[in-house]
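Trainee: I've got the model open and would like to go through it with you. Can we take it question by question?

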Amino acid sequence: MARGNMPRRPSRSGRQEGARRPKGSQAKGRAAQNMPARPARRAPVDPAKVNAGKAPKAAALKKKSASGYDPLAPERVHEIIAGLDQLYPRATCALTHRSAWELLVATILSAQSTDVRVNMITPMLFEKYPTVQDFAALEPEQLQPDIYSTGFFRNKSKSVVGAARKIVADFGGNVPQTMEELLTLPGVARKTANVVLGTWFKKNEGVVVDTHVTRISRRLELTKQEDPKKIEEDLMRIIPRERWTDFSHEVIWHGRKLCVARGPKCADCALETLCHAADKTWSTVEIHAEARP
Ligand code: SF4
């Protein structure tokens with residue numbers, strides 16, 4: 001057996017290799033996974049737009065093997081996007097929110113925490129302090145007990161109160177709608193800004209790069225980088241702009257449900273034949289030692 005190739009073994013889920021899921025079972029599975037609802041199924045990606053106009057910089061990333069394998073080939077990227085669409089057709093942000101301000105606060109609180117944990121405290125938080133002006137009037141110490149359970153509560157309370165004060169002072173109490181302005185808010189970096197711009201304002205200004213997107217992009221050989229900013233740049237070159245936000249949400253859901261950090265559920269993954277990750281738990285394709293999370 002060639003070194004690096006893993007033997008086939010039966011799916012732990014009991015699903016036979018090559019078997020198609022019956023119609024309707026996928027939707028049932030999503031419901032069981034508590035996937036968020038979206039009003040409409042998104043349009044399929046146009047393969048012609050994958051990598052379009054981005055060749056010069058993307059070329060630097062491409063490493064064709066002797067067999068001609070190119071992990072950034074537009075056809076492959078298109079298949080990955082299509083597979084994610086199939087797995088998570090209604091993926092959206094899992095943070096509960098009713099406004100741009102609530103989404104901004106929830107995203108700040110979600111750093112080094114989980115969306116589930118944040119969703120447990122934000123309803124009470126926004127009932128106690130309904131407006132951005134309420135938050136701006138607080139001292140950070142006053143906020144700490146309310147957000148304690150999300151971790152890093154001292155820094156987060158400073159960020160939330162600082163952001164509220166700047167929004168009230170400089171933006172008329174409204175969350176700004178540009179990347180440049182959002183990045184002036186305390187505690188807001190590109191990841192948070194991308195979540196707010198893409199999810200609430202429907203502006204594709206970048207790709208959200210969190211721990212899930214980092215891990216899965218590296219497993220799928222869409223980047224070799226470790227720095228979130230460089231990973232985002234790589235992804236922005238190969239993913240069509242109109243898909244940046246959807247791609248982010250879908251990959252994040254994939255990281256929660258199947259492509260988890262330890263023991264990814266490869267036997268149930270629609271991307272299995274496209275994925276050569278070194279830490280796959282089941283494979284029908286060649287393994288690439290450098291495809292590591
Ligand atoms: S095959 Fe496994 S490692 Fe690859 S994307 Fe799917 S779950 Fe992740």
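Trainee: What is the volume of the largest pocket?

Mentor: A pocket, on a 1 Å grid over the protein atoms alone, is an open set of points with protein on both sides within 12 Å along at least five of seven lines. Grid points are joined across faces, edges and corners, and volume is the space filled by probe spheres set on them. On that basis, the largest pocket comes to about 1,100 Å³.

Trainee: Which residues lie nearest the centre of the largest pocket?

Mentor: Keep in mind that this is a predicted model: local features need pLDDT of at least 70, side-chain atom pairs count only at pLDDT 80 or more, and totals for chains, interfaces and linings use all residues. Residues are numbered from 1 along each chain as its sequence is written, and side-chain values use heavy atoms, with hydrogens and water left out. The lining (residues with an atom within 4 Å of a point) takes in 44 residues. Those nearest the centre are Ser110, Ala111, Asp115, Lys191 and Asp210.

Trainee: Which elements give two or more residues to the lining of the largest pocket?

Mentor: Elements here are DSSP runs numbered from the N terminus: helices are H or I with at least four residues, strands E with at least two. The contributors are helix 4 (100–109), helix 5 (115–128), helix 8, helix 10, helix 11 (211–219), helix 12 (228–238) and helix 13 (244–257).

Trainee: How many helices and strands does the protein chain have?

Mentor: Reading along the sequence gives α-α-α-α-α-α-α-α-α-α-α-α-α. The tally is therefore 13 helices and zero strands.

Trainee: What percentage of the protein chain's residues count as buried?

Mentor: Buried means under 20% relative accessible area, exposed over 50%, and partly exposed in between (1.4 Å probe, protein chains only). Of the 293 residues in the protein chain, the buried share is 49%.

Trainee: Which residues surround the ligand?

Mentor: The ligand's space is the largest cavity; a cavity is a set of grid points where a 1.4 Å probe fits but cannot get out, and a molecule sits in one if more than half of its atoms lie within 2 Å of its grid points. The shell around the ligand, with a heavy atom of each residue within 4 Å, divides into five nonpolar, one polar and three charged. The names are Arg219, His254, Cys259, Pro264, Cys266, Cys269, Glu272, Cys275 and Lys280.

Trainee: What is the volume of the largest cavity?

Mentor: Searching the whole structure turns up one cavity of 30 Å³ or more. The largest cavity has 16 lining residues, with His254, Cys259, Cys266, Cys269 and Cys275 nearest its centre. By class, the lining holds ten nonpolar, one polar and five charged residues. The volume is about 120 Å³.

Trainee: Which helices do the buried residues of helix 11 pack against?

Mentor: Helix 11 is mostly covered, with eight of its nine residues buried. Those are His212, Val213, Thr214, Arg215, Ile216, Ser217, Arg218 and Arg219. They pack against helix 12 and helix 13.

Trainee: Is Glu221 buried or exposed?

Mentor: Glu221 lies in the loop between helix 11 and helix 12. Its phi is positive, about 60 degrees, although Glu221 is not a glycine. With a relative accessible area of 11%, Glu221 is buried.

Trainee: And Phe152, buried or exposed?

Mentor: Phe152 is in the loop between helix 7 and helix 8. This non-glycine residue also has a positive phi, near 45 degrees. At 52% relative accessibility, Phe152 counts as exposed.

Trainee: Which residues is Leu185 in contact with, leaving aside neighbours within four places in sequence?

Mentor: Leu185 is found in the loop between helix 9 (179–182) and helix 10 (190–200). It is buried, because its relative accessible area is 2%. Leu185 and Val160 are 25 residues apart in sequence and 9.1 Å apart in space, C-alpha to C-alpha. Its contacts (heavy atoms within 4.5 Å) are Leu104, Ala163, Lys166, Ile167, Phe171 and Pro176.

Technical notes. Ala, Val, Leu, Ile, Met, Phe, Trp, Tyr, Cys and Pro count as nonpolar, Asp, Glu, Lys and Arg as charged, and the others, Gly among them, as polar.
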